[in-house]
Amino acid sequence: MRCSRAWLVALLFGLSLLLGQTATRASTINDAIAHFTADDFDETGAGISEVAASGSPRAAVILQALQNGQLMFSAERKAVYVQDDAGKLWDAVTGDAVGGDPPADLDTVNINNRLRSAIDAALGGLTLLSADPAKRLDAAEAVFKSRQASALPTLEAAFAKEQDGRIKYVLAQARAAIVLTSPDAATADKLAAVEIIRQRGDQDALALLLSLPDGTAVPVMRAANAAIAAIQQRLALWDAVQNAWYGLSLGSVLLLAAIGLAITFGVMGVINMAHGEMVMVGAYVTFLVQNAIRGYAPNLFDYSLAISVPSAFIAAGLIGILIERCIIRFLYGRPLETLLATWGLSLILQQAVRTIFGPNNREVGNPSFMSGAFDVGGITVTYNRLWIICFALAVFVALLGLLRFTRFGLEMRAVTQNRAMAASMGIRTSRIDALTFGLGSGIAGIAGVALSQIDNVSPNLGQGYIIDSFMVVVFGGVGNLWGTFVGAFVLGIANKFLEPYAGAVLGKIAILVLIILFIQKRPRGLFALKGRAVEA
Amino acid sequence: MSSSSKNSHRSNATISRRGLLVGASGLALGLPLAATVPARADETIKIGILHSLSGTMAISETTLKDVMLMLIDAQNKKGGLLGKKLEPVVVDHASNWPLFAEKARELISKDKVSVVFGCWTSVSRKSVLPVFKELDSILFYPVQFEGEEGERNVFYTGAAPNQQAIPAVDYLMSADGGLVKRWVLEGTDYVYPRTTNKILEAYLKQKGVVDADIMINYTPFGFSDWQTEVSKIKAFGSAGKKTAVVSTINGDANVPFYKELGNQGIKATDIPVVAFSVGEEELAGLDTKPLVGHLAAWNYFESIKTPANTAFIKEWHDFIGNPKRTTNDPMEAHYIGFNMWVKAVQKAGTTDPDKVISALPGTKQANLSGGVSEMLPNHYITKPVFIGEIRPDGQFNVVWKTKDLVPGAAWSPYLPGSKDLVADWVNLKCGNYNTVTKTCGGT
């Protein structure tokens, strides 16, 4: 791109390699795959390079199958097969269906990480000219990582043909990586390559520049060091952005966990130690919903969370109402007894779940839109964290709206602020109490749906969040939703900025110390509120 | 000292933070739950099973109780032992440390058991030790742990660090393991990871790895927000040298850790993670496809194909009535330990603890992976070491194993405090004999 001479030299270099290769192509694909029947990692490794070099049109299929664990062999028949998802066998070389009984000693061709890298590199070289742009991009990245000089001719061909700018860019980087690590490329080409790598500017680029072979020419080394410094400076900047993002993400989790407690503890003044178990109930509802969907309507799987949210709200809400009617209403105004009763209740709920579902973790799958990640500048944004932030904000807004614009919200606020007055206005305060507790528990259940995506669904799920939830509510100010909102994000971001320096353990301790100091100064948290909570 | 003990520790941590609730939790967890099979006079030999069946440790220990019941049942069908039937006495200490010692005392002095199989966490083992010494009984401990112990009354059928951690590092340094040059030692913050990492750090330095190429991180129990830690690992791994993570992360914290690895796109071919506390059971709650190729080091894998293992798995599925239940390393340890005890009792002709303790060293028992394990004079056993890669179906594919069985070492030669110590209960009659000062009694 920048330097056409570099391309010319590389082309010649590639041509010489190509000529060298024709000799090795004498070995046929049949000889190559015979290596796979040895059940030995070194033999399999030899097989991979020979299959890649054979030029056979089946090479990519065979290597793909090997990568996916679908390449089978029979030592007895000296044969190699590709097994499809249905378990049917196909001859690896001819691609014909295999008739008759499968061989008795059929076994998978095993690979390890070393071979996996070799397959990635080989496949990268083979699929550079694929029709599928996504495959071409993967291939270009694979070549960038493997830096295999043998891929250079194909790389040049792919570069000349490529229309997609993004793929072309990565192809240039892959070429630069090969030039940089090859011992006999010209210094001018290497300097151009350093520049291309510097523009890439991510951790892989840094790794490449840091691992330049000994004996690299001095000017190249100097340019590389300058590029390393530039990349490191850029990454340090992105580091701060990344910490802020992680902080937002942690804050949203804290907000979700605490927002239900902001109702039961914040608004009603009930020290609800069973709050975490409501979160757990929500997570288990998600598990049940996903199980049902897997059983009856597998194609609805991506909607499982949308179905889980109302289900979890109703389930946890009903349990909450039941708890309020049966236990809590007898304990109003006696915080210590409430604390003990709800703590006991949390243990009962945990053991009940352990008895029903077993002590092991239950698998809750991520729907496709919540899996994976994308890069923004120098940071990686994972989809599940992004959606959880959106979800937390949506729940917060919905709750705010409910309190402000509905009759139930009005009655709830009335009872909170002045119970006697509200009662004399004809509001059935005990009904409002039950519904409010149900609302808080229901919201905790919704939080459980979100947390099931990032944490274990086990009977102990709730325990991990109860302390953090209380911390957020107390820090933000008891009885104020905005306090919970600000508190959650402040604590999340502070935690994530401390963690890289202090470590995870010390970071957490530091946060707790800071909160203690803060509470000394402002005992009612960030946003103090007047109401029943204050009177109590 | 292995998987999932984090839960119990986590509840401890929470309690201390909660302050006010210490009393309340103690009260609630302290409810003893003892399930004793009705005794039938003297014609039975009683075997104590000391595993948590409720509380946070239940996740790992319930399985071990079940496997013990299965082994005892099978032995009874073979005609019992010394002409008597075996009778299991199961007690539940509810993942509660103070209750451990109490329950152990009850088992030995009240129920008069001849031997106890139990404990998972190191803290539980340490807390019952004085009881076993005082009342002179036998404990079989089935979990991989940090070593640095050699007690007369305890038989360690789990792996010592030299039977798991050191071979795993050796593998990663080999060509097949990827010629790893840079190391992240990532662990949960408590005694097992800290001791293991100390041993590994000393070992790596001896192998010529410099300080700058070792990063040690600890996280609290039940840690769930791995974003920062994983990006730290990613950054550490981009220094141009092959990097690997040695994980002593415990129990539940593993699931979000592996999820985050998958999310941030760290593949096993880039930065492999070798774990010492992740087995078949831990992977059960996880989508393992993004994790294919990450490693675990154990002395047993369910996927090992030997006639003995196939028979064991079948027996387990029949006994538990669920063909989906997995088998794991500590289960095999109990299998070996129980059979060794049976042989020692037959050899001694009595269940008297002193005679059985003398008879146990030298006892041989075929393990499930095709070798024959032997009880050593230091009360550890010989075991093969396997490195397995995670498969898409949540099982492990063995990619490497030691040529011979590795004898367990009670004291690590890589730690300054223990390099001169040996345990030998046959000739030296000492668990911490100092080979330099020629005295029994440690450093």
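Mentor: Gladly. This is a predicted model, and in it the centres of domain 1 and domain 2 of chain B, taken over C-alpha atoms, are separated by 28 Å.

Trainee: What are the bounds of domain 1 and domain 2 of chain B?

Mentor: Domain 1 of chain B covers 6-159 + 305-384, and domain 2 of chain B covers 162-303 + 387-407. Those bounds come from an automatic or database domain assignment.

Trainee: What makes residues of domain 1 of chain B count as in contact with domain 2 of chain B?

Mentor: The test is C-beta atoms, placed from the backbone, within 7 Å. By that test, 26 residues of domain 1 of chain B are in contact with 29 residues of domain 2 of chain B. At least two residues each on the domain 1 side come from helix H1 (5-18), helix H12 (329-348) and strand E14 (382-383) of chain B. H1(B) has the largest share, 5 residues.

Trainee: How many residues of that domain 1 side are nonpolar, polar and charged?

Mentor: The side of domain 1 of chain B that touches domain 2 of chain B has 7 nonpolar, 12 polar and 7 charged residues.

Trainee: And how many residues of chain A are in contact with chain B?

Mentor: Within the 7 Å cut-off, 51 residues of chain A meet 55 residues of chain B. Elements giving two or more residues to the chain A side include helix H5 (113-126), helix H11 (218-267) and helix H20 (481-521) of chain A. H20(A) gives the most, with 7 residues. The chain A side divides into 17 nonpolar, 23 polar and 11 charged residues.

Note on methods
Residues numbered from 1 in each chain as written. Chains lettered and ligands numbered in written order. Predicted model: local features only at pLDDT ≥ 70, side-chain atom pairs only at ≥ 80, totals over all residues. Contact = placed C-beta atoms within 7 Å. Helix = DSSP H or I, 4+ residues; strand = E, 2+ residues; numbered from the N terminus. Nonpolar A, V, L, I, M, F, W, Y, C, P; charged D, E, K, R; others polar.
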